[in-house]
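Please look over the chain shown here before reading on.

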Amino acid sequence: MRSRVLCGVAAAVALLATGCGSGGPASKDAGPAAATSPSAFPVRVADCAGRETVFDAAPQKIVTSNASSLEMLLELGAGDRVIGTGFPPGNGYLPPDVAEQGAKVPVLGRTVIAKEKLLGSGADLYVDTFGAMAMGGGAMGGPPSDQEFASAGVKHLYLLSTACAAGATSAKTDLAEVEQDIKRLGAVTGTLARADQLVAGMEEKTGRVGAALAALPADQRPSYFFFDFDAGTKQPMAVCGRQVANAVITLAGARNVFADCDSDFKPVSWEDIVARNPDWIQLGVRNQGSEEENRKAFDAAEQFLRTFPATQGLTAVREGHLLRIGSETTTIAGVRNADTVQQIARALHPDLVKDGR
């Protein structure tokens, strides 16, 4: 269940959620159409339920719930304002250009940040990757209430692409919500120009893949299963249509075999997987801190599929269609989702997609 909390079911990533759920009125700065204009305050954003948060100025002391929202802020150039994080990035996880700065961010919790520590951190913004259902419980005292956040002077924002995923009404087939999250976070932190650059880079990569696959009929797109090895092998965990991974898989020219399950993640049985008999399987493991340790983790995932009676006869296993692509850039919203689209597309459609084109 560890990666489900970090990279998956818990990947209810945090932030501005205008347009999510019932939605709420958005200022000119919060919406995607206005995100190409210079950032200005006040900035108004809404969460999954449509409740507004107003920023009269850019926050200066930010806490992130995990490595996903931390990476977004680092890429936006606002990393110097991050004063703490939960679920810290492991060695080797962050991109080289932001890894050194990311390693300096204080760790407020190896998993979910305890309520008292979060409220007493001095933060003026908490970027929440999980959403209320997954944040803090039991010994941690549960998540802070709206009143507790307000009393501590902490604004609380969610990433709509993941925090709102479980309540979505349709499957995710593109990265539009991820890109909106990046732009909205850019608007809130006053780094909108950089956000536009990041999104443009993502769109250019996925656009090239889309153009290369445009003539490929739906029935010629292979079926695909994301195997969350870190979640355990006794009870497989499927990524469903509402999860960002479904968009990554779809954009790469494949068909998620569990796109029809009505959630973001869902426990399934090995019998379910055998019945859907995927053409390709992604060995989803988290970054282990080094190339050697990553190789060992991928080897273990592959060895399981090749020796487990229920899976050794699957088409993907028999034909060696087992992709070694890490979990984080597939199931967690971020700039690198577009890179994963390219990786998968090149592997599945080498005659059509070459070097990302």
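A few questions and answers on this model follow.

This is a predicted model, where local features need pLDDT of at least 70, side-chain atom pairs count only at pLDDT 80 or more, and totals for chains, interfaces and linings use all residues. Residues are numbered from 1 along each chain as its sequence is written, and side-chain values use heavy atoms, with hydrogens and water left out.

Visitor: What share of the 357 residues is buried?

Guide: Buried means under 20% relative accessible area, with a 1.4 Å probe and protein chains only. Of the 357 residues in the chain, the buried share is 55%.

Visitor: Which residue in S2 is the bridge partner of Arg 44?

Guide: Two strands pair if DSSP finds at least two bridges between them. S1 (residues 43-46) and S2 pair in the antiparallel sense over four bridges. In S2, Arg 44 is bridged to Val 54.

Visitor: At what angle do helices H8 and H14 pack?

Guide: Helices are DSSP runs of H or I, at least four residues. Axes are lines fitted to C-alpha atoms over the stretch in contact, and angles run from 0 to 180 degrees between N-to-C directions. The axes of H8 (residues 192-213) and H14 (residues 337-348) lie 8 Å apart, and the packing angle is about 20°.

Visitor: Why is H8 called roughly parallel to H14?

Guide: Angles under 35 degrees count as roughly parallel. The two helices pack at about 20°, which makes H8 and H14 roughly parallel.

Methods. Buried < 20%, exposed > 50% of the residue type's maximum accessible area, 1.4 Å probe, protein only. Parallel < 35°, antiparallel > 145°, perpendicular 65-115°, else oblique.
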